[in-house]
Each structure stands twice: as structure tokens, then as C-alpha cells.
Amino acid sequence: HMADYTPVTGYGTQLFYGDVSGTVTTELTNLKSIDCPMDEYATIDRSTLASTRRSSILGLPDGGEVVVTYQYAMTQFNTINGFNGTVKWWKIGAPDTSGDILFQGYMTKHSVSFSEGDEIQEATFTIKVNTAKTITVGS
């Protein structure tokens, strides 16, 4: 018999940034979504002309990109725009406060698209992850 599983909603997810890994304490607000894939590994084919079956080895891990969408406000848009091309440390606080994901990266894209007059406008930015993502499990 498996233990009961309680699904987790996105409510309470947080995103922080800072200049040093130990001081990632400034929170970004009005978030809509955070897409945070884990490491991806390249597959290197080492087959030869004598191979009867493909043979491969793992390549270097790539931290991928983290895409963040937030409700647009010019003040926050201007602050985030200042991060473009700048290395920062980032921390995603899990929605159920069960821990966090810490990584270093730099922003590669930032955009806002103005649309329907009666919809909340959203902006998006992308962080290229430059380190391993450290997962800390809370209590």
C-alpha cells in the first residue's frame, strides 16, 4: 500500500535573485509561470565501421533554459530588463515550501507583447542556466 499523495498547486511558488549564491534574497513578484527543466545530456555516438550495434557515451550536461512569465508592470519590466546579459544567481522556492532550486545563469531574452484591451498583459524572460541546479529539500 502506497502512502497517500497530496497533489501540489502552483500557489506560493517564488523566484528570487542575487549576485552571490548565498544572497539570493530579492523576490520577483506577479509571477504567472516558471518553466525549469533539469539537466539534459548530449549523446555522443562512438560507433565505428566495425560496430555491429550503435555505442554511445554521455556528453556534458546542459542546464537548459528557465522561462519565466509574469504580469507586466513597467517598473518591474525595467528592473528585469537591466538583467539582460548579466550573470545572476536565481532561486525557485517550491510552491509547498518543501525546498528550493538554486542555479546561476544570465538572461538571454526579455519581451512583452501588448494584446487585448481587457486582458492582463504578460512579459516573459529567459535565463540560460550556467551551473548545475542545486536542489535543497526542506522539512
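**Entry 1: salt bridges**

I began with the charged pairs and counted five salt bridges, taking a side-chain nitrogen of Lys or Arg within 4 Å of a carboxyl oxygen of Asp or Glu. I keep in mind that this is a predicted model.

In one of them, aspartate 19 and lysine 88 meet through their side chains, with N to O at 2.8 Å. Aspartate 19 sits in the loop between strand S1 (14–18) and S2, and lysine 88 belongs to strand S7 (residues 87–93), so this pair ties together parts that are 69 residues apart in sequence. I then checked the cover on each partner. Aspartate 19 is exposed, at a relative accessible area of 57%. Lysine 88 has 11% relative accessibility, so I noted it as buried.

My next pair was glutamate 122 with lysine 32, whose closest N and O atoms are 3.9 Å apart. Glutamate 122 is in strand S9 and lysine 32 in strand S3, so the bridge ties together parts 90 residues apart in sequence. Both ends get the label partly exposed: glutamate 122 has a relative accessible area of 35%, and lysine 32 has 47% relative accessibility.

I also wrote down the pair of aspartate 39 and lysine 133, where the closest N and O atoms are 3.8 Å apart. Aspartate 39 lies in the loop between S3 and strand S4 (40–45), while lysine 133 lies in the loop between S9 and S10, so parts 94 residues apart in sequence are tied together. Aspartate 39 is partly exposed, at 31% relative accessibility.

A reminder to myself: side chains of opposite charge can pair when their charged atoms come close.

**Entry 2: lysine 133**

What does the side chain of lysine 133 reach, apart from aspartate 39? I found the backbone oxygen of proline 37 at 2.8 Å from it. I also found the backbone oxygen of glycine 63, which lies 2.6 Å from a polar atom of the lysine 133 side chain.

Then I listed the contacts, leaving out residues up to four places away in sequence. Lysine 133 touches Cys36, Pro37, Met38 and Asp39, along with Gly63, Ile101, Leu102 and Phe103. Aspartate 39, the salt-bridge partner, is therefore among the residues in contact with lysine 133 as well.

**Entry 3: isoleucine 135 and a nonpolar patch**

From there I moved to isoleucine 135, which is in strand S10. Isoleucine 135 is exposed, with a relative accessible area of 51%. I found that Met38, Ile135 and Val137 make a nonpolar surface patch of about 310 Å².

Which residues are in contact with isoleucine 135, neighbours within four places in sequence left aside? They are Met38, Asp100 and Ile101.

**Entry 4: helix H1**

I went through helix H1 (residues 74–81) to see how its residues are placed. Gln76, Phe77 and Ile80 are buried. These three cover an arc of only 105° around the axis, which puts them on the same side of H1.

What do the buried residues of H1 pack against? The elements are S2, strand S6 (65–71), strand S8 (99–113) and S9.

**Entry 5: asparagine 30**

Asparagine 30 has a positive phi of about 60°, although it is not a glycine. For context, most residues other than glycine have a negative phi. Where is asparagine 30 placed? Asparagine 30 is in the loop between strand S2 (26–28) and strand S3 (31–35).

Technical notes. Residues numbered from 1 in each chain as written. Predicted model: local features only at pLDDT ≥ 70, side-chain atom pairs only at ≥ 80, totals over all residues. Heavy atoms only, no water. Polar contact = N/O pair within 3.5 Å; in protein donor to acceptor, adjacent residues only side chain to side chain. Contact = heavy atoms within 4.5 Å. Helix = DSSP H or I, 4+ residues; strand = E, 2+ residues; numbered from the N terminus. Buried < 20%, exposed > 50% of the residue type's maximum accessible area, 1.4 Å probe, protein only. Arc of directions from axis to C-beta. Patch = residues over 30% accessible without salt bridge, like charges linked within 9 Å, V, L, I, M, F, W, Y side chains within 5 Å. Areas by Shrake-Rupley, 256 points an atom, 1.4 Å probe, with all protein chains shown as cover.
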